[in-house]
Amino acid sequence: LKDMELNNLVKRTEDRDAWTRPILGSRNSYSVRVSRGRVINFVLIVLLCLLLSSFQSVALKLSALSWLELDLLLLVVVYLSLHRGFLEGALLIIMIGRVTEIHSGAPTGILTACYLAVFLAILFTKEMFLVATTFSSIILAVAGGIIWKIAFLVLAQRYGILGNTWRSSLE
């Protein structure tokens with residue numbers, strides 16, 4: 001009897017901590033369990049990226065800070081590729097890319113594709129090699145910046161907007 005009560009308590013706790021949703025709106029018995037904390041975390045990351053994108057497009061373009069040329073969202077992309085799985089990270093990267101494109105006026109898809117290239121490259125590297133130290137994470141962040149520049153130059157060439165962009169991209 002005590003085992004049954006314990007199982008019921010565990011089941012009620014699991015039901016309270018997770019939502020059950022059908023896969024792709026199907027009516028069969030298969031379902032996906034999504035933690036509420038994970039959903040809140042997803043929304044908070046999107047809001048943080050919206051804030052960082054706004055800050056990056058306004059405050060970092062001031063004359064005193066323009067020499068920095070920081071891409072704060074690239075740091076978020078590197079963090080997500082190191083700490084999130086493929087599906088959740090890819091969805092977040094797509095949302096980050098769209099937010100960045102809206103704030104920057106870039107052609108649709110170019111920044112999203114660049115961020116996805118960085119995400120996939122770092123995710124692949126993380127799976128193939130041991131990334132356990134802070135130094136290796138820093139190396140991956142630097143490599144992410146290089147991958148972003150290369151992906152941007154390739155896509156800018158494909159869009160036909162390269163012109164003199166390559167000179168400012170190398171600075």
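Reply: Start where two helices touch: Ile45, Cys49, Leu52, Ser53, Phe55 and Gln56 of α2 meet Leu72, Leu73, Val76 and Leu80 of α3. To meet, or to be in contact, is to have heavy atoms within 4.5 Å. The model is predicted: local features need pLDDT of at least 70, side-chain atom pairs count only at pLDDT 80 or more, and totals for chains, interfaces and linings use all residues. Residues are numbered from 1 along each chain as its sequence is written, and side-chain values use heavy atoms, with hydrogens and water left out.

Helices (H or I, at least four residues) and strands (E, at least two) are DSSP runs, numbered from the N terminus. The protein has 7 helices and 2 strands, in the order α-β-β-α-α-α-α-α-α along the sequence.

Two packed helices are described by the angle between their axes and the distance between the axes. For α2 and α3, the angle is about 155° and the axes are 9 Å apart. Axes here are lines fitted to C-alpha atoms, for helices over the stretch in contact, and angles run from 0 to 180 degrees between N-to-C directions. The two helices are therefore roughly antiparallel; the classes are under 35 degrees for roughly parallel, over 145 for roughly antiparallel, 65 to 115 for roughly perpendicular, and oblique for the rest.

Helix α2 has 23 residues, which at 1.5 Å a residue should span 33 Å, and its end C-alpha atoms are 33 Å apart, in agreement. The expected span is 1.5 Å times one less than the number of residues. The buried residues of α2 are Ile45, Val46, Cys49, Leu52, Ser53 and Gln56. Buried means under 20% relative accessible area, exposed over 50%, and partly exposed in between (1.4 Å probe, protein chains only). Their cover includes α3 and α4. An α-helix has 3.6 residues a turn, so residues three or four places apart point the same way.

In α3 (residues 72-83) sits Ser81. Ser81 counts as buried because its relative accessibility is 0%. Neighbours within four places in sequence aside, Ser81 contacts Phe119, Ile122, Leu123 and Lys126.

Helix α4 should span 27 Å with its 19 residues, and its end C-alpha atoms are 26 Å apart, which agrees. Among its buried residues are Leu92, Ile93, Ile96 and Val99, and their cover includes α2, α3 and α5. After α4 comes Gly105, with a positive phi near 80°.

Of the 30 residues in the largest nonpolar core, Leu80, Ile93, Ile96, Tyr115 and Trp148 touch the most other members. α2 (36-58), α3, α4 (86-104), α5 (110-128) and α6 (134-159) each supply at least two residues of this core. A nonpolar core is a set of buried Ala, Val, Leu, Ile, Met, Phe, Trp, Tyr and Cys residues joined through side-chain atoms within 4.5 Å. Not counting residues up to four places away in sequence, Trp148 touches Asp71, Leu74, Leu111, Cys114, Tyr115 and Val118.

For the whole protein, 28% of the 171 residues count as buried.
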